[in-house]
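The exercises below concern one protein structure.

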Amino acid sequence: LTNTFQRTASASGRGKTLFDIADDEYIWNKKLCEDLVCSQIDTRWFVTLIKGYANIINFEIRGKQLRLVLISRKSNKMPGMWPVSGLNSEGYAANTVETEQLLLYENNVYSFVQIRGSVPVYWEKSGPDIKFTANKEESFAGFAKCFDRLVNCYKRVVIFNLLGKDKEEEKLAQAFEENESKYEKKDKNTIKYCRHNIDTEARKVH
């Protein structure tokens, strides 16, 4: 559960246990497991825990049996409730959640993965106001760390900005877009940015 289908398939090999190929970022009992490793307990006995959600639905379309799997896993790198926000020193965005949708049909597996997280610049919120906690050079360095890791993991990244139009969220959007534009200049073939006005879309629903 800590890994996407693709990462699991790529990492699997003879003699490797599920713990051996688990993604450290999504293991919530990692410290306990490390203590057991030090005690030389066989990792085949380990059960890795995620903080998230998993569900499997079996259904039929035109006589064909299909299975839909939904897994959401929260990162352990910078979790927390509001006002935890922004980035940490390692470039991990606060409250990151990776969600994978798997569709299984006969011998085929189709996977769609998306992640969400706090705006990946150094900022915090005090009351209604947003405050940036680093200069532009430091902010871009953290942003680049975050996206270097995402590109290394997912190869190609499509970014949707779901911030609204109020004054404070516009500050965040502007900071994000400045960093994204700068990052795209050095790695334009691996990321694509889409500004999506969530307020406009929400009004369409009503």
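Helices (H or I, at least four residues) and strands (E, at least two) are DSSP runs, numbered from the N terminus. The model is a predicted one, in which local features need pLDDT of at least 70 and side-chain atom pairs count only at pLDDT 80 or more, while totals for chains, interfaces and linings use all residues. Residues are numbered from 1 along each chain as its sequence is written, and side-chain values use heavy atoms, with hydrogens and water left out.

**Exercise 1. Examine the salt bridges formed by Arg73 with Glu98, by Lys136 with Glu178 and by Asp24 with Lys30.**

Solution. 

Step 1. The criterion is a side-chain nitrogen of Lys or Arg within 4 Å of a carboxyl oxygen of Asp or Glu. A search of the whole structure with this criterion gives 11 salt bridges.

Step 2. Arg73 and Glu98 form a salt bridge with an N to O distance of 2.5 Å. Arg73 lies in strand E2 (residues 64–74) and Glu98 in strand E3 (residues 97–105), so the pair ties together parts that are 25 residues apart in sequence. Arg73 is buried, because its relative accessible area is 0%. Glu98 is likewise buried, at 0% relative accessibility.

Step 3. Arg7, Asp23, Arg73, Glu98 and Glu100 are linked in a network of salt bridges.

Step 4. In the salt bridge of Lys136 with Glu178, the closest N and O atoms are 3.8 Å apart. This pair links distant parts of the chain, with Lys136 in helix H3 (residues 136–154) and Glu178 in helix H4 (residues 167–186), 42 residues apart. Lys136 counts as exposed, at 60% relative accessibility, whereas Glu178 is partly exposed, with a relative accessible area of 38%.

Step 5. Asp24 and Lys30 also form a salt bridge, with their closest N and O atoms 3.5 Å apart. Asp24 is partly exposed, at a relative accessible area of 40%, and Lys30 is partly exposed, at 27%.

**Exercise 2. Which residues have the most contacts inside the largest nonpolar core, and which element gives the most to this core?**

Solution. 

Step 1. A nonpolar core is a set of buried Ala, Val, Leu, Ile, Met, Phe, Trp, Tyr and Cys residues joined through side-chain atoms within 4.5 Å.

Step 2. The largest such core has 23 residues, and those with the most contacts inside it are Val119, Phe147, Val157 and Tyr183. At least two residues of this core come from each of H3, strand E7 (157–161) and H4. H3 gives the most, with seven residues.

Step 3. One of the residues named above can be followed further. Not counting residues up to four places away in sequence, Val157 touches Phe147, Leu150, Val151, Thr190, Ile191 and Lys192.

**Exercise 3. Classify the ring pairs Phe143 with Phe176 and Phe147 with Tyr183.**

Solution. 

Step 1. Rings of Phe, Tyr and Trp (its six-membered ring) pair if their centres lie within 6.5 Å; planes under 30 degrees apart count as stacked, over 60 as edge-to-face and the rest as tilted. The structure holds seven aromatic pairs.

Step 2. The ring centres of Phe143 and Phe176 are 5.6 Å apart and the planes stand at 65°, so this pair is edge-to-face. Phe143 is in helix H3 and Phe176 in helix H4, 33 residues apart. Both Phe143 and Phe176 are buried.

Step 3. The rings of Phe147 and Tyr183 have their centres 5.9 Å apart and their planes at 50°, so the pair is tilted. Because Phe147 lies in helix H3 and Tyr183 in helix H4, the pair ties together parts 36 residues apart in sequence. Phe147 is buried at 5% relative accessibility, and Tyr183 is buried at 0%.

Step 4. Ring pairs join Phe143, Phe147, Phe176, Tyr183 and Tyr193 into a cluster.

Notes
Buried < 20%, exposed > 50% of the residue type's maximum accessible area, 1.4 Å probe, protein only. Contact = heavy atoms within 4.5 Å.
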